[in-house]
Amino acid sequence: MTAADAPGGLSSSGHVFGEGVVDDASLTEAGAALAAESARFAGLGWMPGTAGNLSVTLARDPLRLAVTASGLDKGELTARDIVLIDGDGEWVPDAPGGPASVTFTQRLGLARRPSAEAGLHARIAAVTGAGAVIHVHALAAVRAAHEWPEGVVLHDLEMLKGIGHSAHGERVVIPVVQNHQDMGVLGDDFERVYLRPTAADPGTGTAAVAEVPALLVASHGIYAWGADLRQARWHLELTEALLQIALATR
Ligand SMILES: CSC[C@@H](O)[C@@H](O)C(=O)COP(=O)(O)O
Ligand SMILES: [Zn+2]
C-alpha cells in the first residue's frame, strides 16, 4: 500500500506504534502525506502564507511525531519538509537505523526547525491518542471564537454526526482557549477544556461520552485531530462548516 492510496494518506506501515523506532521510510511516507494534506488546505485559503501546521504520530512509546517544519509556505511543502519531535515538541535525532550520528534531515542537507506549535501537536497526540493533528487559520473558527469566547455551543445540526455526536438533542461545545506563544501554557489550557471520552458501560448500557475532536484558539485558528490524517481532515472540515452555520444562524 502506498501513501497515496492508504486510509488517511499514510499506510499502516507508517505507524510504528509502541516501538519508539522511526526509520527513513516512515518519515518519507509521513512527509509525503503531510505535504499533500497541507496543499489541500492552502488551496482552501486556510493556510495563508506560512500559516498552519500538521503532524502524524509515528510512535507511541516513546511518543514520536512527524511535524511540518516551521516558516515554510504550506502550499509548497515536499516530503522532506518535516521534523521528528518528541512528546515535548522538541526535535529528536531520527532514523536510528541510518548511519551513526547522521540524521534524516542532515543527510538531506537541510536545516529544519519544527513548527513553532509542535508542542501543542505533541500534547494533543499524547492526551487524545490522535494519529494526526491539523492546525489551520480558517476564518469561521476565528470568528466563532471571537463571538463565543467561552466555547461554541452547537446542537441539532446534521453534521454533528461527522464529529462523533448526535444530530438531534445533544448540546456539543467546541472549546475555546486564549492564544499564547508558550505551547506549554496552550497545552495546559487544552487539557483543562478537553472533554475526555468515556467508554460505554456494558452493565448499565449508559451511553459513552464522545470527545470533541477540535480546539479553537482565539484570534488564531483551529486544531482538529483524528485517528489518522483523513479522519483529522474530516473533523477539521466538518467543524469549520458547523461554525460557519453557527455564525450564519446566530
Ligand atoms: C504566519 S504566522 C503563523 C504562525 O505564527 C503560526 O501560528 C503558524 O500557524 C505556523 O507556524 P509554523 O512555525 O510555520 O508551523
Ligand atoms: Zn497558527
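Predicted model: local features only at pLDDT ≥ 70, side-chain atom pairs only at ≥ 80, totals over all residues.
Where is the place of His135?

**View 1. The annotated pair, His135 and His137.** Let's start with the record: an unreviewed UniProt entry carries the annotation "binding site" for His135 and His137. His135 sits in strand β4, which spans residues 132-136, while His137 falls in the loop between β4 and α4 (139-147).

**View 2. His135 and its surroundings.** Here you can look around the histidine of strand β4. His135 counts as buried because 29 other C-beta atoms lie within 10 Å, and 20 or more are enough for that label. Setting aside residues up to four places away in sequence, its contacts are Gly52, Asn53, Glu117, Gly221 and Tyr223.

View 3. Is His137 buried or partly exposed? His137 is partly exposed, because it has 19 C-beta neighbours inside 10 Å, whereas a buried residue needs 20 or more. Beyond its neighbours within four places in sequence, His137 touches Trp46, Met47, Pro48, Ala51, Gly52, Val142 and Gly221.

**View 4. The largest nonpolar core.** This core is made of 67 residues, and those with the most contacts inside it include Leu34, Val56, Ala66 and Val133. Helix α1 (residues 24-43) supplies the largest share of this core, with eight residues.

View 5. Apart from neighbours within four places in sequence, Leu216 is in contact with Ala141, Ala144, Ala145, Val152, Ile174, Pro175, Val176 and Ile222.

Methods: Residues numbered from 1 in each chain as written. Chains lettered and ligands numbered in written order. UniProt positions renumbered as here; feature names shortened; annotations may be inferred. Helix = DSSP H or I, 4+ residues; strand = E, 2+ residues; numbered from the N terminus. Buried ≥ 20, exposed ≤ 12 C-beta atoms within 10 Å, placed from the backbone. Contact = placed C-beta atoms within 7 Å. Core = buried A, V, L, I, M, F, W, Y, C linked by C-beta atoms within 7 Å.
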